[in-house]
Amino acid sequence: MSKAQEHLVLGIDVGGSGIKGAIVDVKTGALVSKRIRVKTPDPADPKAVAKVVARIVRHFKWKGPVGCGMPGPIKNGRVRALANLDSSWLEVNAPAVYTKACGCPVTVINDADAAGLAEMRFGAGKGRKGVVILTTLGTGIGSAVFVNGHLVPNTEFGQMEVRGKSAEQRASARVRKARNLSWKNWGKRVDTVLRALEQVMWPDVIIIGGGVSRKASRFLPAITTEAEVVPAHFRNEAGIVGAALAASPRS
Ligand code: BGC
C-alpha cells in the first residue's frame with residue numbers, strides 16, 4: 001500500500017436487507033469511492049454473508065484493512081446473541097470467517113457501535129463529553145454508549161424490555177412500516193423507549209441514527225426526554241465509516 005493510501009480502509013456494513021461497502025478516508029470520514037450495495041443473502045448464514053463480503057472486497061480490488069459492522073454483540077470476535085441474525089451465526093468467530101473468505105484482515109464490530117464511532121469522530125457527537133448514546137432505528141434497534149468519547153462496547157438497548165416488549169419490537173423503523181404508523185404515533189413509541197433508557201442511563205445527548213434520521217423533523221417533536229436528542233450526521237453511511245474506523249490501525 002502506498003503512503004497516500006495509508007489512511008484508506010474498506011468499510012462494510014452488514015444489514016438485514018443490504019450489505020454495503022465503500023472505501024473510507026479514516027482521517028476525514030469521507031467516502032472516497034462509490035458505495036456498493038449487495039442484497040443480503042437468504043438465508044444470511046456465515047458462509048453466504050462472507051461470500052458477499054469477499055465479493056465487495058474483490059469489487060474494489062482491495063488488499064488493505066477491512067472493517068465490518070454487523071448486528072449482535074461481538075465479544076472477542078465471537079457473535080454472542082442473535083436478535084437480527086441467522087441462528088447459524090451464534091458463537092461463530094466472525095473475523096476468522098471473513099478473513100478467510102476475503103484473503104485480507106477483517107476487523108468486526110457491532111454495527112451500532114460502528115455508527116457511534118463515526119458520529120463521535122466526525123458527526124453529531126463530535127466534541128461531546130459526558131454520556132452520549134446513539135441509537136440506530138432500523139430493522140432492529142442498535143445502541144452505542146460513549147463516556148467522554150470512549151465507547152462502552154456491545155450495549156444492546158434494543159433488547160431492553162419496555163412495557164412488556166423489547167424496545168426494538170416496540171419502536172424500530174420496521175415496526176413503523178409493518179404497522180403503517182404515522183410519524184407522530186411512531187414518535188410516541190420512540191419516546192417511550194428513550195424515556196425508559198433515560199431512567200437507567202441518564203445520558204447527556206441521544207443521537208438518533210439509521211435511515212429514519214432523515215425524517216427527524218417528523219418524529220422528534222414527539223420526544224420528551226430531558227436529554228438533548230439530535231439526528232445523526234451520517235444518516236445511513238455511519239455504519240460504513242465507523243466500521244472502517246474500527247479497522248484503522250491509527251484510530
Ligand atoms: C441487534 C443489535 C444491532 C441492531 C441493529 C439489533 O437487533 O441486537 O446488535 O446493533 O439490531 O442492527
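**Note on helix packing in a predicted model**

1. Helix H1 passes helix H2 in a right-handed crossing; a crossing is right-handed if the near helix is turned clockwise from the far one by less than a right angle, and left-handed if anticlockwise. This is a predicted model, in which local features need pLDDT of at least 70 and side-chain atom pairs count only at pLDDT 80 or more, while totals for chains, interfaces and linings use all residues. Residues are numbered from 1 along each chain as its sequence is written, and side-chain values use heavy atoms, with hydrogens and water left out. Helices (H or I, at least four residues) and strands (E, at least two) are DSSP runs, numbered from the N terminus.

2. The axes of H1 (residues 46–59) and H2 (residues 94–102) come within 8 Å and cross at roughly 50°. H1 is therefore oblique to H2. Axes are lines fitted to C-alpha atoms, for helices over the stretch in contact, with angles from 0 to 180 degrees between N-to-C directions. Angles under 35 degrees count as roughly parallel, over 145 as roughly antiparallel, 65 to 115 as roughly perpendicular and the rest as oblique.

3. In the contact (heavy atoms within 4.5 Å), Pro 46, Val 49, Ala 50, Val 53, Ala 54 and Val 57 of H1 meet Val 97, Tyr 98, Ala 101 and Cys 102 of H2. By class, this contact of H1 with H2 has ten nonpolar, no polar and no charged residues. Here Ala, Val, Leu, Ile, Met, Phe, Trp, Tyr, Cys and Pro count as nonpolar, Asp, Glu, Lys and Arg as charged, and the others, Gly among them, as polar.

4. The 14 residues of H1 should span 20 Å at 1.5 Å a residue, and the end C-alpha atoms are 20 Å apart, which agrees; the expected span is 1.5 Å times one less than the number of residues. Buried residues of H1 include Val 52 and Ile 56, where buried means under 20% relative accessible area, exposed over 50% and partly exposed in between (1.4 Å probe, protein chains only). Strands E1, E2 (18–25), E4 (36–39) and E5 (66–70), together with H2, pack against the buried residues of H1. Just after H1, Lys 61 takes a positive phi of about 50°.

5. Helix H3 (residues 111–122) reaches 17 Å from its first C-alpha to its last, close to the expected 16 Å. Among its buried residues are Asp 113, Gly 116 and Met 120. The axes of H3 and H8 come within 7 Å and cross at roughly 85°, so the two helices are roughly perpendicular to each other. The contact of H3 with H8 has ten nonpolar, two polar and two charged residues.

6. Trp 183, Arg 189 and Asp 191 are among the buried residues of H6. Their cover includes strand E9 (131–137), helix H4 (167–171) and helix H7 (216–219).

7. Glu 6, in the segment before E1 (8–14), counts as partly exposed at 32% relative accessibility. Pro 221 is in the loop between H7 and strand E15 (228–231) and is exposed, with a relative accessible area of 65%.
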